[in-house]
Amino acid sequence: MIVLHIGFPKAGSTTIQTFLEANQEQLRTLSIDYTRVGRRRQKAHHTLAFELKGWDARMNPKAGRLEDVARHVRRSGHATTILSSELFSDLKPRQIRHLAKELAPAEQPFRIILIMRDQLSAIVSLYGQKIRYGDKTFDFDEFFAGFTRSKKFDQYGIVERWADVFGWAAIKIRILERSLLTNGDLIDAFIQGIDVDPDSPQIGALSRPSNVNESAGWRTAEAVRALFGRQIILDTWPLLQKLSGTALGSSQRHLIGQTAEEVAGIFDWAKEKGLYLTRAQANICLDSYRASVQQLNRHLPEVIPDPPSLEARGFIERDFLPGASHISSSELNQFYCELEKRLSKKPELSEI
């Protein structure tokens with residue numbers, strides 16, 4: 001069986017990939033192959049998604065292509081081969097058909113696993129992901145307006161595209177809600193989704209990652225957004241002067257974002273996640289997710305419960321739209337100065 005774990009984004013993908021990568025040798029003794037083909041030394045098979053999307057510049061040619069995966073599956077003899085990338089989730093129908101065609105020579109049945117997350121809880125995390133490395137510098141309301149109009153907001157539509165190619169019987173959905181997960185655990189729910197007993201001694205002996213890729217808090221996100229967007233210019237912040245007029249590469253932006261999250265830990269900013277949603281925005285998320293659940297329940301043997309109401313969740317509406325202007329000047333100054341001090345020691349940024 002070929003298992004395609006396709007996301008969704010911000011629904012525990014990194015946790016699953018970390019578990020699979022850390023235990024890859026032990027899993028192979030159970031005939032479960034988290035194959036290195038298509039990822040090499042990376043945790044996820046993103047380069048295969050780049051291949052399908054035609055993003056040749058981002059592919060790692062040394063990692064292997066889909067045709068190499070099919071060849072490997074035929075030769076390896078493992079009962080289960082797993083490919084994982086949340087970038088698979090938004091593939092277009094023709095790209096999904098191409099994936100199926102490329103892997104067909106492996107002569108294996110397919111299992112498509114998706115971890116769904118209530119959009120009400122996911123959308124703020126998705127916003128943070130977009131701005132954490134300077135790829136985008138829009139505020140939350142601008143992001144929300146664009147995202148809710150995109151095909152990525154329609155979770156049922158995404159699942160349907162995969163079911164159209166592989167069939168509804170191949171689809172397995174797990175909900176990222178502790179009360180709905182096997183043993184209340186994401187890894188156990190994933191393991192059960194590939195027809196393995198999560199309570200077996202062999203699985204119980206494997207190492208489990210702590211939560212990974214967690215939010216660094218609204219203050220961190222907004223301070224970084226202001227930095228990349230040049231939205232605050234004060235002479236007392238040398239880092240802003242240093243970056244002014246500088247064209248940063250992707251790896252440099254990632255380094256700045258990652259270092260900013262380290263600094264946030266010093267200032268204890270990660271604890272305050274922040275309130276981003278208005279009540280109207282929350283209702284849009286809830287209505288969309290409920291509609292997807294109702295449509296999916298027409299096809300799936302395992303019924304997904306309707307999501308709880310805003311009142312049952314204890315939803316709290318935001319008082320203000322989070323932004324760097326809501327962080328005191330003294331706090332921002334300390335944050336940026338510490339960030340600049342740490343970045344000055346990074347050889348990757350020596351030319352800035």
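# Reading the labels in a predicted model

Visitor: Why does Lys152 count as partly exposed?
Guide: Its relative accessibility is 41%. Buried needs under 20%, and exposed needs over 50%. The value 41% lies in between, so Lys152 counts as partly exposed. Keep in mind that this is a predicted model.

Visitor: What makes Asp90 and Lys152 a salt bridge?
Guide: Their closest N and O atoms are 3.5 Å apart. The cut-off is within 4 Å, so the pair qualifies. Asp90 lies in the loop between strand S3 (80–84) and helix H5 (93–103), and Lys152 in the loop between H7 and H8. The pair therefore ties together parts that are 62 residues apart in sequence.

Visitor: Is Asp90 buried or partly exposed?
Guide: Its relative accessible area is 23%.

Visitor: Why is Arg219 called buried, but Glu272 partly exposed?
Guide: Arg219 has 15% relative accessibility. That is under 20%, so Arg219 is buried. Glu272 has 38%. That lies between 20% and 50%, so Glu272 is partly exposed.

Visitor: Which residues do salt bridges with shared partners join into one network?
Guide: Glu25, Arg28, Asp33 and Arg36. The whole structure holds 25 salt bridges.

Visitor: How do you know that the buried residues of H14 are on the same side?
Guide: First, the list. The buried residues of H14 are Gln281, Ala282, Cys285, Leu286, Ser288, Tyr289, Ser292, Val293 and Leu296. They cover an arc of only 165° around the axis, so they are on the same side of H14. They pack against several elements, including strand S4 (110–116) and helix H6 (119–131).

Visitor: What span is expected for H14, and what does the helix reach?
Guide: Helix H14 (residues 279–296) has 18 residues. At 1.5 Å a residue, 26 Å is expected. From its first C-alpha to its last, H14 reaches 26 Å, close to that value.

Visitor: Which residues have the most contacts inside the largest nonpolar core?
Guide: Leu4, Phe88, Leu103, Trp162, Phe166, Ile171 and Ile173. This core has 62 residues. A second, separate core of 38 residues includes Leu227, Ala324, Phe335 and Leu339.

Key: Residues numbered from 1 in each chain as written. Predicted model: local features only at pLDDT ≥ 70, side-chain atom pairs only at ≥ 80, totals over all residues. Heavy atoms only, no water. Core = buried A, V, L, I, M, F, W, Y, C linked by side-chain atoms within 4.5 Å. Buried < 20%, exposed > 50% of the residue type's maximum accessible area, 1.4 Å probe, protein only. Helix = DSSP H or I, 4+ residues; strand = E, 2+ residues; numbered from the N terminus. Expected span 1.5 Å × (residues − 1). Arc of directions from axis to C-beta. Contact = heavy atoms within 4.5 Å. Salt bridge = Lys/Arg side-chain N within 4 Å of Asp/Glu carboxyl O.
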